[in-house]
Amino acid sequence: MKRLIPATIIFVLVIIVCFWAHIYVENACNKTLNDIEQFRNKKITGTQLENKWQEQKENMSLFVNHGFLDKISIYIGQLTVASSNDTSLELNAVYKNIESVLVLIKAEQKFGLHSFY
């Protein structure tokens, strides 16, 4: 019985951390999409967007596959280049790529048995 109480406490803590990580990643993805939308509406510059993404990337790196984060970094670079060339077709394509990677990140964070082990 002495071991059951600490094991239960640890199990509850793991579940709480999983919920917190899921909520944090959801909010970070939504914030990234919001930042990109502000960039598309010319409310922030490309440098500001890249700086905001670097902050988000560092925080999300604890919870998310680094390959996804690297892809988004590349796409954000392409987004700033496309906006400077004023190619709206390429801008929309890159935006859709970023959006699809963020959807994959959210899908990876869904709760399942693998979340706890």
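**View 1. Burial in the predicted model.** In this predicted model, buried residues account for 31% of the 117 residues in the protein. The accessible surface is about 7,600 Å². Carbon and sulfur atoms contribute 62% of that surface.

**View 2. Four helices and the overall dimensions.** The protein has four helices and zero strands. Along the sequence the pattern reads α-α-α-α. The radius of gyration is 18 Å, well over the 13 Å given by the globule rule for 117 residues, so the protein is more spread out than a compact globule. Its C-alpha atoms fill a box of roughly 70 × 20 × 20 Å along the principal axes.

**View 3. The largest nonpolar core.** This core holds 25 residues. Met60, Ile72, Leu79, Ile98 and Ile105 have the most contacts inside it. Helix H1 (4-40), helix H2 (46-60), helix H3 (66-84) and helix H4 (88-108) each give two or more residues to the core. In soluble globular proteins, nonpolar side chains tend to be buried together.

**View 4. Contacts of Leu79.** Leu79 is among the residues with the most contacts inside the largest nonpolar core. Leaving aside residues up to four places away in sequence, Leu79 touches Ile36, Phe39, Leu49, Leu91, Val94, Tyr95 and Ile98. Ile98 is also listed with Leu79 among the core residues with the most contacts.

View 5. Of the contacts with a separation of 6 or more, 65% join residues 24 or more positions apart. The protein carries 12 positive and 11 negative charges.

Conventions:
Residues are numbered from 1 along each chain as its sequence is written. This is a predicted model: local features need pLDDT of at least 70, side-chain atom pairs count only at pLDDT 80 or more; totals for chains, interfaces and linings use all residues. Side-chain values use heavy atoms; hydrogens and water are left out. A nonpolar core is a set of buried Ala, Val, Leu, Ile, Met, Phe, Trp, Tyr and Cys residues joined through side-chain atoms within 4.5 Å. Buried means under 20% relative accessible area, exposed over 50%, partly exposed in between (1.4 Å probe, protein chains only). Contact means heavy atoms within 4.5 Å. The radius of gyration is taken over C-alpha atoms; the globule rule is 2.2 Å times the number of residues to the power 0.38. Accessible areas come from the Shrake-Rupley method with a 1.4 Å probe; for residues, only the protein chains shown count as cover. Lys and Arg count as positive and Asp and Glu as negative; His and the chain ends are not counted. The place of a charge is taken as NZ of Lys, CZ of Arg, CG of Asp or CD of Glu.
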